[in-house]
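Visitor: I'm new to this. Could you show me the model and walk me through it?

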Amino acid sequence: MSWAGPEDIYLSTSLANYLDKKLLALLRDGRKLFGTLRSFDQFANAVLEGACERIIVGDLYCDIPLGLYIIRGENVVLIGELAQKAEEVASDLKGTMKKRMDFLDMD
């Protein structure tokens, strides 16, 4: 007999609720990867499409594009859905960072 009913969707341990959504995965070695969850299995192995690794140093960060990325489940510490607002704030911050670096003239 199960104590959780169908209305208790927040108690689910399946990643099925996160398919085709933008996720952040914190790995055992400290890396932070985000991308769209395309597939997973019973061992929490996951496939992220459009994956990026986010490196954070102080108030600054950069995203390293990785493309299609497979994460082995035993390395996953935490997986969570990215909020739309957080992505908008990150995008705005990235724009201001580029403006601050204009003096470098990287062209």
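This is a predicted model: local features need pLDDT of at least 70, side-chain atom pairs count only at pLDDT 80 or more; totals for chains, interfaces and linings use all residues.

Visitor: Okay, which residues does threonine 36 touch, not counting residues up to four places away in sequence?

Guide: Find threonine 36 in strand 2 first. Skip the residues up to four places away in sequence, and what threonine 36 touches is Asp20, Lys21, Lys22, Val47, Leu48 and Glu49.

Visitor: Does threonine 36 count as buried or exposed?

Guide: Buried means under 20% relative accessible area. Threonine 36 comes in at 18%, so the label is buried.

Visitor: What is the order of the strands in the open sheet?

Guide: There are five strands in this open sheet, and their pairing is antiparallel. Strand 4 and strand 5 stand at the edges with a single partner strand each, so one side of each has no neighbour in the sheet. Read across, the order is 4-3-2-1-5.

Visitor: Which residue in strand 4 is the bridge partner of valine 47?

Guide: Strand 3 and strand 4 pair in the antiparallel sense over ten bridges. They form a hairpin with two residues between them, and glycine 58 in the turn has a positive phi of about 65°. Across from valine 47, the bridge partner in strand 4 is isoleucine 70.

Note on methods
Residues are numbered from 1 along each chain as its sequence is written. Side-chain values use heavy atoms; hydrogens and water are left out. Two strands pair if DSSP finds at least two bridges between them. Helices (H or I, at least four residues) and strands (E, at least two) are DSSP runs, numbered from the N terminus. Buried means under 20% relative accessible area, exposed over 50%, partly exposed in between (1.4 Å probe, protein chains only). Contact means heavy atoms within 4.5 Å.
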